[in-house]
Amino acid sequence: MYNSFLFQSNRHVKQDSNLNVEHIQRLFDANMVFFSRELPELYQTLTNCNSKNYSLFINASGALNIRDNSSGEALYSKTPATEVTNEVEFFLGTPLAVCRDSTSINAEVSAIPDRAVVMVFGVGCGYHLKQLLLSDKLSAILIYEADVELLKHSLNFIVWQDLLEIANKKNVLLAIQPGYAVADIKQHLAELDAAGLFTDKIYLYRHTFQPLAEEVIRFLLASSGDSTMLLQGEGRFLGLKGAHEYLPVRPAGILGNVEPNFKITEKHQLTLHRNLEKLQVFYPDIAAFYQYYQPQRWQFCIDNNGQENIFHLPSRTLAYHNSKQESEALAQLFMQNPFRESAVYSQSYQPKLAKYIHFQQIALVENLQKLLPIAPAFCKDDIRTLAFFGTGLAGHIASILAEITPLNIFVFEEDPDLFYASLYVTDWAELIEQSNTSKGHLYFNIGCTPDSYLSYFLYQIYVVGAYEISNTFLFPCYYRPHLQKALADLRAQLKTFIALNEYYDNARYGITHFLRNAENAALFYREQPQQKHADCPVFIIGNGPSLDALIEYIRQYQNDVIIISCGTALKALYEYGITPDFHAEVEQNSATYKWITKVPDRAYLKSIHFLSVATAFPETAKLFKSACLSFCFGQTPFKVLTLADETSAKQMRLLKYAFPTVSNFAINMALSMGFQDIYLFGVDLGFADVAHHHSKKSAYYTAQGKATYDYAKRIGQQIPVKGNFTPYVYTKFEFNMARRVMEQVIASYRNSSQVYNCSLGAFIDGAIPLPAEHILIKAQTEHKNKVLTQLLSVNFAVLPEPSIIAFKDYLTEHLPDVTVFITALLALMPKSTSSESEASALVAKQASLLHAQYTDNNLLACYLLEGSIYSFLGLMNSFASVLDETTSFDLFNQLTKVWQDYLELVRNRSQFTC
């Protein structure tokens, strides 16, 4: 679980004079020459190994070591040679054995006997191999390394020719079994048996943890004493699967021969009892869960060094090398370099939204941000929200909370066994009481998957105040691949958590547009029993650069599938002579009208159905044959409709994953409507060449193929991501976020629909990469038209006139309350602020006033202004965090003046017009 070797540093290296890059390279080259001459098949295997999961480094002690690039952990301590020497001695004294027959299974093994057969699982640095050979205890040594890259790295540490010469001299059978050869373990056992080398026991030396090898080891131990299981038939080993099977490459107790003490002392029992009592008071569900709990995989113990630890039952390894030292190191790591979350509190100014109050004021804020000083050194008081991901024995949590007192503390632990182990050691009762006394909040989420508890965290962040993100710190206390991915998604969502919310203009124009669309008899997506369209595929067409190369496949099937064009792809399809059935847009501003009318043929547009959000620009919707509109989760007009006419609102179907790009909206819509085979074309979300960023037939290029603006300059930083058919492509932040949201919606429909990605852009997890030439769709023009007609008649309907009237009446009645609320906000503004404490008080007062509107049922004011308020409160926190009493608070006061002007401009606009 933990790996103390994470905390190595090579900044101050006392390097061995004989250890340098040239020496290491010479050793590697000599080993490769030896293998090419003596073991050509192994040489070829090593030559073909190009993975980069591990890297070499020289640590602070001047010793060569190996780093796991995924977790950042070192495989060995600061002195790998000493560590391995001790490991070999421990193995020789107390080895794990596999018995051939049941007659010897209960025989005590105190030390490895002479002429023993040893199976070594894992090579790593390889130091242990020579020491085993020099022990004069072996008759045979079978060396398995399922991870060929680690075998290749051993060539930098040891002289393999020496090993083979020692084996020959001592008459020891030596065999090297790389890669998947370990899966043939039963065949190897049978060969040893036939050679008379498996008469009693074979000894297992596990040097590294690897999923395939570990499955084999567990089979051997479980089958010990059963010669039929061990020697007959073929083993089917595929490697351990599942997130719960993850362990570091070299966990503590890697040999698996430790015998910890599971006896619970009186002290530990009292700690458990006290914790359960306190949990019963404040968290009764957790207390009830653990009242008669029996660990399944991890069990609290006292290890061979007399330290509190956690024993991993399946692998017989330990969570800690030294629990006290590692807990202290974890706490120190956080306190010295805490990771503060940053957030984008508002979207940047955009020319197409120049008339929006929000963007006018944000442009002024951006000018102020450029004048902010560099953030000062970390201050403990800055931590108001702290989330721990992983508990173990929780010593690091207790140490950190002894120094700081965050207002909001989150404790997440996926494995209930691990939190249960901490109940024996950590005084959670005191931490709970401390949080309660300080009027803070301590949130526990135990036993849920990372995706689940990260969603919970986002929800709670919203409850406690999303503007506090700048004072939020995340602490992943251990590495897990799936946790790491979930945390990356969380950080991306936190970064845009506020910016993607509706701000005043967005909400205001959204209400106006919805009303106008409803009065224009637009069709709205209704809640209906989901139909299945298994035999009618959908092509979703984005404007990515790969669209040009795929157009012939779209043309080939255009009469047999429903085609949805997305955003600026419409102009490209028009130029190619293809008419989509639907055209999708997700933006609600007038820019959509400008882009769509670049298609000069109005009759062409009138042959297409418009598929968009309920707040779409009304003049854009009128360009098409019909307007099929849908509400998205959280949109202000839907919230207001719910207040004005709840019955009508309940008939509407909401889309949850319809942002941030129009492709997200189209995919969500197609899946929601029950289509089971969806093909993506030009949904690249990235590009191999920034000069070719969209279809050359789209409005991003002139008729001569010249870009209309400098796209590279506009997108800023280019992010490399895995490609759909290539190793990687480049993307931008918005597209990367769009990809993650697509993965979520595809996953939510994985049991009913299949998405095929024919695009040449970014890889989308859950969408099957499918070259367009492999598509097979039958001719079915009549059936497609029937499905299209049914789709429109069943899923969409106009909003009844009484609902429109009720909506207008609600606005008329409650608009004065918005003015009253704005006046109250302005009354809170001081003439000036001169300290962080005054700034925090101002933020708290405004947040409190917003919450009071919910209590007073002044919901229209909340819906219109909540996003804007959170943006500016977040900005205030952000400004205050880099200013102090010794620095002028003039910039903060200028920010509050921008916010005051914002509110004044809003108060002066009481009409809902386009």
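Start with helix α16, residues 428-437, which gives three residues, the largest share, to the lining of the largest cavity. Helices (H or I, at least four residues) and strands (E, at least two) are DSSP runs, numbered from the N terminus. The model is predicted: local features need pLDDT of at least 70 and side-chain atom pairs count only at pLDDT 80 or more, while totals for chains, interfaces and linings use all residues. Residues are numbered from 1 along each chain as its sequence is written, and side-chain values use heavy atoms, without hydrogens and water.

Next, select the cavity lining: Leu401, Ile404, Thr405, Pro406, Leu407, Ile409, Leu431, Gln434, Ser435, Ser438 and Gly440. A cavity is a set of points on a 1 Å grid over the protein atoms alone where a 1.4 Å probe fits but cannot get out, and lining residues have an atom within 4 Å of a point. The volume, the space filled by probe spheres set on the points, is about 70 Å³.

Now select β13, β12, β11 and β14, which form an open, parallel sheet in that order. Strands pair if DSSP finds at least two bridges between them. β13 (441-446) and β14 (472-476) are at the edges with a single partner strand each, so one side of each has no neighbour in the sheet.

Move to β11 (residues 385-389), joined to β14 by five bridges. Here Ala387 lies opposite Leu474 of β14.

Finally, return to α16, which packs on the sheet and touches β12 (408-413) and β13; contact means heavy atoms within 4.5 Å.

Key
Axes are lines fitted to C-alpha atoms, for helices over the stretch in contact, and angles run from 0 to 180 degrees between N-to-C directions. On a 1 Å grid over the protein atoms alone, a cavity is a set of points where a 1.4 Å probe fits but cannot get out, and a pocket is an open set with protein on both sides within 12 Å along at least five of seven lines; lining residues have an atom within 4 Å of a point.
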